[in-house]
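User: I would like to learn how to read the features of a structure step by step, with the general idea of each feature before its particular case. Could we go through it together?

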Amino acid sequence: MRVSISYLAIAALAVSVFTGCGNSETAKAPAISGSESSAQAVSSNEPVSESVFAMDIYMTITAYDGEIIRAVSESIDKIKQLEALWNVNDEGSDIYKINNSSEPVSVDEQTAELMSFSLGMCESTNGALDITLYPVLREWGFTTGEYKVPDEDIISELMKNTGYEKVVLDGNTVTTPAGVMTDLGSVGKGRTGDCVAEIMRGCGVTSALLDLGGNIQVVGRKTDGSKWKIGLKDPYVRGNFGILEAEDTAVITSGGYERYFEQDGEVYWHILDPAAGSPAKNGIISATAVGSEGRLCDALSTSLFVMGEERAKKYWRSRGDFEMILVTDDDRVLITEGLEDSYTSGGLFSETEVIRRDS
Amino acid sequence: MTAESKAKKQRAALIAAAVLFIVSAVWCGYLLFRQSGRQVEIISDGRVLYTLDLDREADREITVEYEGRKNVIAIEDHDIFMKEAECPDHTCIKTGRLGSAGVPIVCLPNKLMIRFKAGTDSAENGGVDAAA
């Protein structure tokens, strides 16, 4: 009798192993887009990943543990909600309303909050960031893809209506003079990343990767306990010039290579110097901001690119809430001292300089 | 039944159970690890159109249409890249073959993306989980 019991026990164990694996077999169906396949994913510890086209880019949200189905679906809803609020071309958006009225416009709390943050960053960076450049950017064709070098007269005319100090925010009410247009494109993706990371944590997700069109935000660590490895894109498009290990961090890069055109041998890229109304050429070809807040890193990557090396170093020393990686047009990579242990050079640039706080 | 034959039967049963257990364990290992090939997804406007295992794919071309504009995706020597694209900037074609840097191939105007499937081992992904 004892024989058959032990036999049965072992057989049952074998069968249970079989069934356990059976789940992973079904999970081989793509665990993407749609709750049906996601449901299978949960039973077998496969990550849930969804891609959505929003804010002019592809956003891919991948969650590895916790209530991943709820986390990802709430994240997608949030992204769509924020895009509807901030899309400059959408007639129903807060930004469209602000841009098409010289009267005070009452906006959503989330818009007011981001507007307040953005105006603060414009001021803090001494105008290296300016959320009123939209008409100039449009004239260069960077918003439409119909690139052209505009007439200097047109640019100087448009520049009369730029300047973040023309935007008045009072509670949830925004007022801009006629002709002034705002755009939260330089901070919106970073803020979206923050909101999604918050949703993830609220759903018990301790491991998630958010790729918002090259803006990377990671939640926690990878499921194997190691840190995420984030490649830093080479401005000359030869792969990654370095790798950064990250945990609960936003890594956001602004590079001239992202959107540009050439005319008469000259390269014109989409990052404009608000002081000049033309592409920012101050010696930096790629600027990466690293920190816990996506909206801050998003705002900073653009600002640091515009500032140039010396101003960027000075600005970094004046604050304590972010780190940065700069690539200069004479092929040097500069990293701030807080990244010394997490940065590995990929060998594309021979020189890596460390920027110290006290030098 | 003699005590001897009873013991024999007992041993045979144990061996049979052990063999069954080992076979199932190996089969599980196979199921778990065989999907660690280079799984690639082709996504159009947020929908996964294809999930491909690059290690098993023969050379071929896939045409995807979005609002009447075509993209031709090519698989060659177990690599995938954008061969033709009806879009103004051809950024997707310039990206080259998928794989070296953990960067997806994206054709923004046509809302098309080719990327490694989530969970694909980062070693298969050029050593990085993503790129900024």
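**Reading the model, feature by feature**

Analyst: Chain B comes to two helices and eight strands, where helices (H or I, at least four residues) and strands (E, at least two) are DSSP runs numbered from the N terminus. This is a predicted model, in which local features need pLDDT of at least 70 and side-chain atom pairs count only at pLDDT 80 or more, while totals for chains, interfaces and linings use all residues. Residues are numbered from 1 along each chain as its sequence is written, chains are lettered from A and ligands numbered from 1 in the order in which they are written, and side-chain values use heavy atoms, with hydrogens and water left out.

User: In what order do the elements of chain B run from the N terminus on, and what percentage of its 132 residues count as buried?

Analyst: The order in chain B is α-β-β-β-β-β-α-β-β-β. Burial is read from relative accessible area (buried under 20%, exposed over 50%, partly exposed in between, with a 1.4 Å probe and protein chains only), and 43% of the 132 residues of chain B count as buried. Contact means heavy atoms within 4.5 Å; among the contacts in chain B with a separation of 6 or more, 34% come from residues 24 or more positions apart.

User: How is chain A divided into domains?

Analyst: Domain bounds come from an automatic or database domain assignment, and here chain A is divided into domain 1 (94-182) and domain 2 (227-359). The C-alpha centres of these two domains of chain A lie 24 Å apart, and 19 residues of domain 1 are in contact with 26 residues of domain 2. Buried area is the accessible area (1.4 Å probe) that two parts lose on being put together, summed over both; for domain 1 and domain 2 of chain A this comes to about 1900 Å², with 72% of it on carbon and sulfur atoms. A:F117, A:A128 and A:F142 supply 31% of the area that domain 1 of chain A buries against domain 2, more than any other three residues.

User: How many residue pairs in polar contact are counted between domain 1 and domain 2 of chain A, and which helices supply residues to the side of domain 1 that touches domain 2?

Analyst: A polar contact is a pair of N or O atoms within 3.5 Å; within protein, one must be able to donate a hydrogen and the other to accept it, and residues adjacent in sequence count only if both atoms are side-chain atoms. Between the two domains of chain A the count is five residue pairs in polar contact (both at pLDDT 80 or more). On the side of domain 1 of chain A that touches domain 2, α5 (109-124), α6 (134-139) and α7 (152-159) each supply at least two residues, and α5(A) gives the most, with three residues.

User: By how much of a helical turn are A:K313 and A:E309 separated, and why?

Analyst: They are separated by about one helical turn, because A:K313 and A:E309 are four residues apart in helix α10 (residues 309-318) of chain A. Their side chains meet in a salt bridge of 3.1 Å, N to O, with A:K313 buried at 14% relative accessibility and A:E309 buried at 15%. A network of salt bridges links A:E309, A:E310, A:K313, A:D330, A:R332 and A:E353.

User: Is A:S51 buried or exposed, and what does its side chain contact?

Analyst: A:S51, in strand β1 (residues 48-54) of chain A, is buried, with a relative accessible area of 4%, and its side chain makes a polar contact of 2.9 Å with the side chain of A:T60. Leaving aside neighbours within four places in sequence, A:S51 is in contact with residues including B:I43, B:G46, B:M113 and B:R115.

Notes:
Salt bridge = Lys/Arg side-chain N within 4 Å of Asp/Glu carboxyl O.
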